[in-house]
Amino acid sequence: ALLVPTIAILGVFIAYQQYRINKQRLRHDTYERRLAVFKIIKSYLSEVVRNAKTDSNSARCFYSDASEAAFLFDKSVEEKIEEIYKKSIDMAFLVEQLSPSDGSQGVGRGEERSSLAAEHTELLKWHAAQLTGLRDFFSKKMGVNVT
């Protein structure tokens, strides 16, 4: 008489264990993909800060490489990537004005050049701040606690 309830309980237990294993596997698989997006963003920001400049081609490559984030994270990460991309394009425009890639004379001396240089400095500081805060921002988004 107890055989049927015992088999039912055993079946429920096995189903629950499979559910937990599948959930852990999904978390592991998405973690790897999320970590790849984090590394793309960190690498790009590190390059910008190290070189104190970027160009529109690098910014477009970054944006393309980080596009998978839309499927792995909530909207805030996608918005962060958009913001980094837009600020990078602004920086690339300023760099091109200050020292054109075609070798021609950039904006000459004076107040205009000083103003552009100040804007460039602010954008560089902004990128550095994003790099500094990146780990904290992503630690909440990865699905595991990073200490």
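**Salt bridges and helix packing**

Asp 74 counts as partly exposed, because its relative accessible area of 42% falls between the limits of 20% and 50%. This value, like those that follow, comes from a predicted model. Asp 74 forms a salt bridge with Lys 141, and the closest N and O atoms of the two are 3.3 Å apart. Since Asp 74 sits in the loop between helix 3 and helix 4, whereas Lys 141 belongs to the segment after helix 5 (111-139), the pair ties together parts that are 67 residues apart in sequence.

Side chains of opposite charge can pair when their charged atoms come close. With a cut-off of 4 Å between the side-chain nitrogen and the carboxyl oxygen, the count comes to four salt bridges, and one of them joins Arg 33 to Glu 68, with the closest N and O atoms 2.5 Å apart. This pair also links distant parts of the chain, as Arg 33 is in helix 1 and Glu 68 in the loop between helix 2 and helix 3 (69-72), 35 residues away. Arg 33 is partly exposed at a relative accessible area of 41%, and Glu 68, at 27%, is likewise counted as partly exposed.

A further salt bridge is formed by the side chains of Lys 75 and Glu 78, at 3.9 Å from N to O. Lys 75 and Glu 78 are three residues apart in helix 4, so about one helical turn separates them. Lys 75 counts as exposed, because its relative accessibility is 52%, while Glu 78, at 28%, is partly exposed.

Turning to the packing of the helices, helix 1 (residues 3-51) and helix 2 have axes that come within 10 Å and cross at roughly 165°, which makes the two roughly antiparallel, since angles over 145 degrees are classed in that way. The crossing of helix 1 past helix 2 is left-handed. To this contact helix 1 brings Ile 40, Ile 41, Tyr 44 and Glu 47, and helix 2 brings Ser 58, Ala 59, Phe 62 and Asp 65; by class, these are five nonpolar, one polar and two charged residues.

Helix 2 (residues 56-65) also packs with helix 4 (residues 75-98), at an angle of about 170° and with the axes 9 Å apart, and therefore these helices too are roughly antiparallel to each other. On the side of helix 2 the contact involves Ser 56, Ala 59, Arg 60, Phe 62 and Tyr 63, and on the side of helix 4 it involves Ile 81, Glu 82, Ile 84, Tyr 85, Ser 88, Ile 89 and Ala 92. Eight of these residues are nonpolar, two polar and two charged.

Key. Residues numbered from 1 in each chain as written. Predicted model: local features only at pLDDT ≥ 70, side-chain atom pairs only at ≥ 80, totals over all residues. Heavy atoms only, no water. Axes fitted to C-alpha atoms, helices over the stretch in contact; angles between N-to-C directions. Helix = DSSP H or I, 4+ residues; strand = E, 2+ residues; numbered from the N terminus. Parallel < 35°, antiparallel > 145°, perpendicular 65-115°, else oblique. Contact = heavy atoms within 4.5 Å. Nonpolar A, V, L, I, M, F, W, Y, C, P; charged D, E, K, R; others polar. Left-handed = near helix turned anticlockwise from the far one by under 90°. Buried < 20%, exposed > 50% of the residue type's maximum accessible area, 1.4 Å probe, protein only.
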